[in-house]
Amino acid sequence: MEDSFAYLVLAIVSEIPGGKVATYQQIARLAGRERGARLVGRVLSHASLYGDYPCHRVVSSQGRTAPGWEEQRVLLEAEGVGVSQERNGRSVAVSMEGMTLLF
DNA sequence: TTCGTGACTAGGT
DNA sequence: AACCTAGCCACGA
């Protein structure tokens with residue numbers, strides 16, 4: 001298997017301090033794969049198979065949370081990350097006033 | 001090998 | 001704002 005990229009991504013994710021979030025692209029860059037944002041998403045979708053990681057602190061460039069994962073929004077709010085959702089609970093996004101919290 | 005798919009992005013309609 | 005398209009990269013049928 002040799003998923004060195006996966007381990008690298010997970011290592012980076014585990015370094016994200018509470019209250020802050022990173023984007024898939026940011027992580028991809030730190031992992032040495034500028035264009036690998038989708039790969040990061042794929043790795044995180046299976047993160048539970050590798051161990052426990054704060055994957056809820058990773059959002060899209062638009063601040064969008066993962067599709068079909070309502071819990072993520074709750075977890076972020078619990079850490080003090082402002083989450084603004086559209087009137088109808090449509091798109092959920094992390095508060096982006098100064099956005100890009102990263103680490 | 002080609003094709004469809006996905007926790008992505010950026011740009012256009 | 002929502003939807004669509006074209007790049008993107010790894011995987012499995």
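A residue is called buried if 20 or more other C-beta atoms lie within 10 Å of its own, exposed if 12 or fewer do, and partly exposed in between, with C-beta atoms placed from the backbone. Helices (DSSP runs of H or I, at least four residues) and strands (runs of E, at least two) are numbered from the N terminus.

The structure described here is a predicted model, in which local features need a pLDDT of at least 70 and side-chain atom pairs count only at pLDDT 80 or more, while totals for chains, interfaces and linings use all residues. Residues are numbered from 1 along each chain as its sequence is written, and chains are lettered from A and ligands numbered from 1 in the order in which they are written.

**Overview of chain A**

Chain A has four helices and four strands, and their order along the sequence is α-β-α-α-β-α-β-β. Of its 103 residues, 30% count as buried. Two residues are in contact if their C-beta atoms, placed from the backbone, lie within 7 Å. Among the contacts in chain A with a separation of 6 or more, 56% join residues 24 or more positions apart.

The confidence of the predictor in each residue is given by pLDDT, on a scale from 0 to 100. Chain A averages a pLDDT of 84, and 81% of the residues score at least 70. Among the elements of the chain, helix 3 has the highest mean pLDDT (96), and strand 4 (residues 92-94) has the lowest (64). Where pLDDT is low, the predicted coordinates should not be read in detail.

An α-helix has 3.6 residues a turn, so residues three or four places apart point the same way.

|---|---|---|
| Helix 1 | A6, V9, L10, I12 and V13 | S4 and A11 |
| Helix 3 | V40, V43 and L44 | R38 and S45 |
| Helix 4 | Q72, R73 and L76 | E71, V74 and A78 |

The buried residues of helix 1 (residues 4-14) are A6, V9, L10, I12 and V13. They lie on the same side of helix 1 because they cover an arc of only 160° around the axis (the arc of the directions from the helix axis to the C-beta atoms). Their cover includes helix 2 (24-30), helix 3 (37-45) and strand 2 (58-59).

In helix 3, the buried residues are V40, V43 and L44. Their arc around the axis is only 95°, which puts them on the same side of helix 3. These buried residues pack against helix 1, helix 2 and strand 2.

V43, found in helix 3, counts as buried because 25 other C-beta atoms lie within 10 Å. Leaving aside neighbours within four places in sequence, V43 is in contact with A6 and V9.

Helix 4 (residues 71-78) has Q72, R73 and L76 as its buried residues. Seen down the axis, they fall within an arc of 100°, so they line one face of helix 4. Helix 4 is followed by G80, whose phi is positive, near 90°.

**The largest nonpolar core**

A nonpolar core is a set of buried Ala, Val, Leu, Ile, Met, Phe, Trp, Tyr and Cys residues joined through C-beta atoms within 7 Å. The largest such core has 20 residues, of which V9, V13, V21, I27, V40 and V58 touch the most other members. Helix 1, helix 2, helix 3 and strand 2 each supply at least two residues of this core, and helix 1 gives the most, with five residues. Not counting residues up to four places away in sequence, V13 touches I27, Y53, P54, C55 and V58.

**The surface near DNA strand B**

DNA strand B is surrounded by 16 residues, the closest being Y24, G41, S45, S60 and S61. Helix 2 and helix 3 each supply at least two residues of this surface, and helix 3 gives the most, with six residues.

The residues of this surface divide into eight nonpolar, six polar and two charged. Here Ala, Val, Leu, Ile, Met, Phe, Trp, Tyr, Cys and Pro count as nonpolar, Asp, Glu, Lys and Arg as charged, and the others, Gly among them, as polar.

**The loop between helix 2 and helix 3**

R35 lies in the loop between helix 2 and helix 3. R35 counts as exposed because it has 9 C-beta neighbours inside 10 Å. R35 and Y24 are 11 residues apart in sequence and 9.9 Å apart in space, C-alpha to C-alpha.

Methods: Near = placed C-beta within 6 Å.
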